[in-house]
Amino acid sequence: MTAPAVTAGMALLLDLDGTLIDFAPTPDAVIVPPGLPQALAALRLRLGGALAIVTGRPVDQIDRLLPGIPHAVAGEHGAAIRHAPGAPIERGEHPPIPAAWLAETEAAIAAHPGALLERKAHGVTLHFRQAPQAGPYLRTLADALLAQLPSHALLAGSMVWEVRPRGVDKGNALHALMARPPFLGRTPLFIGDDVTDEDAIQAARALGGLG
């Protein structure tokens with residue numbers, strides 16, 4: 001498939017890991033390619049500001065990796081959205097992850113070197129990129145959490161099990177971003193690489209854009 005040309009009437013919404021930057025053994029070990037911030041800044045200027053990052057990462061991590069670059073950021077698959085630079089982060093009302101499960105799970109994961117539990121404001125991610133053999137075990141831990149927390153659901157990503165609130169996905173995040181300036185009235189172009197991006201791909205197409 002030929003890549004579409006980015007035109008002035010578009011809004012560009014981008015996944016981060018696996019799309020703009022390569023995966024790394026741990027979330028903190030990723031490297032931003034040289035020239036990427038400058039390229040994104042040029043695209044944002046060309047698009048009248050309509051550049052957003054839509055990611056499973058928390059918003060503050062995008063601020064660290066791409067400081068001042070996107071106009072808007074949808075973090076945690078849309079559970080946390082900042083619509084403009086300096087604007088407050090909007091969060092839905094979701095039950096917290098039980099503290100007892102977090103403590104027990106961190107202790108259990110310690111027996112699987114390379115496996116990692118990443119805490120988020122509204123969910124958790126169980127990483128097994130460095131411990132592929134631990135994948136089924138981590139799935140069992142995730143299922144145990146979901147038995148306690150019916151408000152959440154499991155999403156399988158690239159070497160991760162993601163537990164997130166039901167109804168939270170990148171598709172809904174894309175709709176929320178496209179409803180406000182500078183995205184409003186533009187044609188969305190979303191680019192992602194994983195099953196976690198499929199909702200946003202479908203949402204962009206439903207709005208007459210591309211995914």
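These legends go with several views of one predicted model.

Residues are numbered from 1 along each chain as its sequence is written, and side-chain values use heavy atoms, with hydrogens and water left out. In this predicted model, local features need pLDDT of at least 70, side-chain atom pairs count only at pLDDT 80 or more, and totals for chains, interfaces and linings use all residues.

View 1. Helices (H or I, at least four residues) and strands (E, at least two) are DSSP runs, numbered from the N terminus. The C-alpha trace spans about 50 × 35 × 35 Å along the principal axes. Of the 211 residues, 48% count as buried. Buried means under 20% relative accessible area, exposed over 50%, partly exposed in between (1.4 Å probe, protein chains only).

**View 2. Six strands form an open sheet in the order 5-4-3-2-1-10.** The pairing is mixed. Two strands pair if DSSP finds at least two bridges between them. Strand 5 (90-91) and strand 10 (187-191) stand at the edges. Each has a single partner strand, so one side of each is left without a neighbour in the sheet.

**View 3. Strand 2 (residues 51-54) is covered on both faces.** In a regular strand the side chains alternate between the two faces of the sheet. Here L51 and I53 lie on one side, with A52 and V54 on the other. All four are buried.

**View 4. Strand 1 (residues 10-14) and strand 2 run parallel.** Three bridges join them. L13 has A52 of strand 2 as its bridge partner. With helix 1 (residues 36-46), these two strands make a right-handed β-α-β unit. Right-handed means that, with the strands pointing away from the viewer, the path from the first strand over the helix to the second runs clockwise.

**View 5. Strand 2 also pairs with strand 3 (residues 72-75) in the parallel sense.** Three bridges link the pair. V54 has A74 of strand 3 as its bridge partner.

**View 6. Strand 4 (residues 80-82) and strand 5 run antiparallel.** Two bridges join them. I81 has E90 of strand 5 as its bridge partner.
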